[in-house]
Amino acid sequence: MTNVITGIAASAGVAVAPAFLFLEPDLSYERRQITDQSAEIARFEDAVAIARQEVEALVETAKTKMGQDAADVFTAHLMILQDPEFVGAIEEIIQDQQINAEAALAQIEQKFVKLLSGLAGNAYMQERMADVRDVSKRLLAHLLHQPLPDLQTISSPVILVAADLTPSMTAHVDPKFVKGFITDEGGKTSHSAIMARTLGIPAVVGTGKATTDISAGQQLVIDGSRGEIILSPNQQQLSAAKNARDAWQQRLQAEAALRHDASRTADGHHVLVAANLGLPADVEAAAENGAEAVGLFRTEFLYMHGETFPTEAEQVAAYRQVLEAMPDRQVIIRTLDIGGDKRLPYWQLPQEDNPFLGVRAIRLSLANEDVFRTQLRALLRASVYGRLGIMFPLIASLPELRAAKRILQEEKTKLLQAGVKVSEDLQVGMMIEVPAAAIMASAFAKEVDFFSIGSNDLVQYTLAADRTNRELAQLSQPYDPAVLYLIWRTIEAAHQAGIWCGMCGEAACDPIMLPLLAGAGLDEFSMNSTSILAVRDQLRHCSQTEAAKLVSQVREQAATAAEVKKMVIDFQKSYEA
Ligand code: PEP
Ligand code: MG
């Protein structure tokens, strides 16, 4: 059909709504000498006036939709737009240097940023730096007649269409209005796809051409289970989409009956089906979907939400919220995992040629001990409110793990000396997401309380295939025997050392992976909340003893991902028969 485009099915569900095109405008310009300074100043003042109107409206929207804190950010922007040291200085440069407004704006922006970055240790100054950047971008966009799209202004149902969505953009998405995501770039395990699943929003990623084929406001049907988008659907397509949406909702209702059940295999083995969280508030959806634990709280989203680093007290409150919402249940909170495709707008880090192989996650924490220690103190303080496990991301070598544990111990000792209570049964674990860690799992297992396999990164690093590159979707399979070998080796090493092993990557809720993980004795499956009940349902139909036989068979006979997949499908058929 000609009005259908396809991509990677990244988050299940069906939605019908108009497109909201989120395109980063081209803000390039040339520095020019001008002759008529008054005309140039008038052009700049027009841009300031439009920007002011826009920001005034944003202050109001933020007040009603997001609260006073968000409104304050825009109020600060308004102050910059009224500040003679900013606006006046730009006009002076236009006058004195006879250059165009864009170039004069850039000069003053750089001057302010330089001044404020000299005071970068100060959180308030960092916020001001981000404000100056935002305001300058808005002004530049108006000077170039390229208005900026703004996710925060969305106030009616839409399907978001973008080249790519960075995690910090998705952090601003309001699921009340955003009914689906479509992107040109990205793969099934890129963070925008993960966020879509967390929010329970259908998503199709890696379409390659959505932003060129779809126009703003065009009616769309998105089917996130099939990876399909229908542009301007006809009556027949619309009613088929509505049927699919109803069937999807019925399935959700049937699964809801399992909400209060424990997760057991067909032959009675209990495993934990846990939730992955992006923000503390996600814990509500986790509880609603019957999560038996929290297997991964990606704390970086907490850092992305603000204009600067969250304070120790803010972090304690966030971690406490999650722990108290999960009484008597294990809650694994991962320390900051910034780098790769995740950035903080207020933390200027050097550009890297290969960010996924760069200073990311635990490497960044160890290189910035002040940020790391603040987070660890907050975690330790919060530990008394529940059953906390602290988890370190991207550990590749034992010295890294030991350094992280030493710093944790130092902070713990200091708190105890200061009379602060810390939980006595705090667990300390690590992610297994670098092949080196999986290979050395036996050595690591002696030094932690648990493992959680990060299959998203483990797949990417084992197969040397960037997880956000849609061209590599075929290669990036958790079913690849090389990946399975590392997963099974990790589970075995954990059990030999007497510790538990979970998985918090997307493979934990992949129906093909389920018997391969249950059969190897995985103790905990952690996933976006919206997949929990489907996995619990699938586990009920899967015997661990039979799945263990499948694992042996795959180990002996399968040499490619396709062969693995076929063997699992045959197994599932014979089992259902
Ligand atoms: C993983 O890599 O599988 C994982 C859970 O971590 P993240 O997706 O946040 O990198
Ligand atoms: Mg990871």
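## Ground rules

Helices here are DSSP runs of H or I with at least four residues, strands are E runs of at least two, and both are numbered from the N terminus. This is a predicted model, where local features need pLDDT of at least 70, side-chain atom pairs count only at pLDDT 80 or more, and totals for chains, interfaces and linings use all residues. Side-chain values use heavy atoms, with hydrogens and water left out.

## Ser442

Ser442 sits in helix H17 (residues 441–445). Its relative accessible area is 41%, so Ser442 is partly exposed (buried is under 20%, exposed over 50%, partly exposed in between, with a 1.4 Å probe and protein chains only). From Arg226, Ser442 is 216 residues away in sequence and 40 Å away in space, C-alpha to C-alpha.

## The magnesium site

Ligand 2, a magnesium ion, has Glu433 (OE) and Asp457 (OD) as its protein donors, 2.0 to 2.1 Å away. Donors are N, O and S atoms within 2.8 Å of the metal (3.2 Å for Na, K and Ca); water is not among the atoms, so sites may look incomplete.

Glu433 lies in the loop between strand S13 (427–432) and helix H16 (435–439), while Asp457 is in helix H18 (residues 455–462), 24 residues apart. Glu433 is buried at 2% relative accessibility, and Asp457 is buried at 3%.

## Nonpolar cores

A nonpolar core is a set of buried Ala, Val, Leu, Ile, Met, Phe, Trp, Tyr and Cys residues joined through side-chain atoms within 4.5 Å. The largest one has 103 residues, with Tyr319, Phe392, Phe451 and Ile487 making the most contacts inside it. Helix H19 (residues 481–497) gives the most to this core: eight residues. A second, separate core has 37 residues, including Ala47 and Phe112.

Technical notes: Residues numbered from 1 in each chain as written. Chains lettered and ligands numbered in written order.
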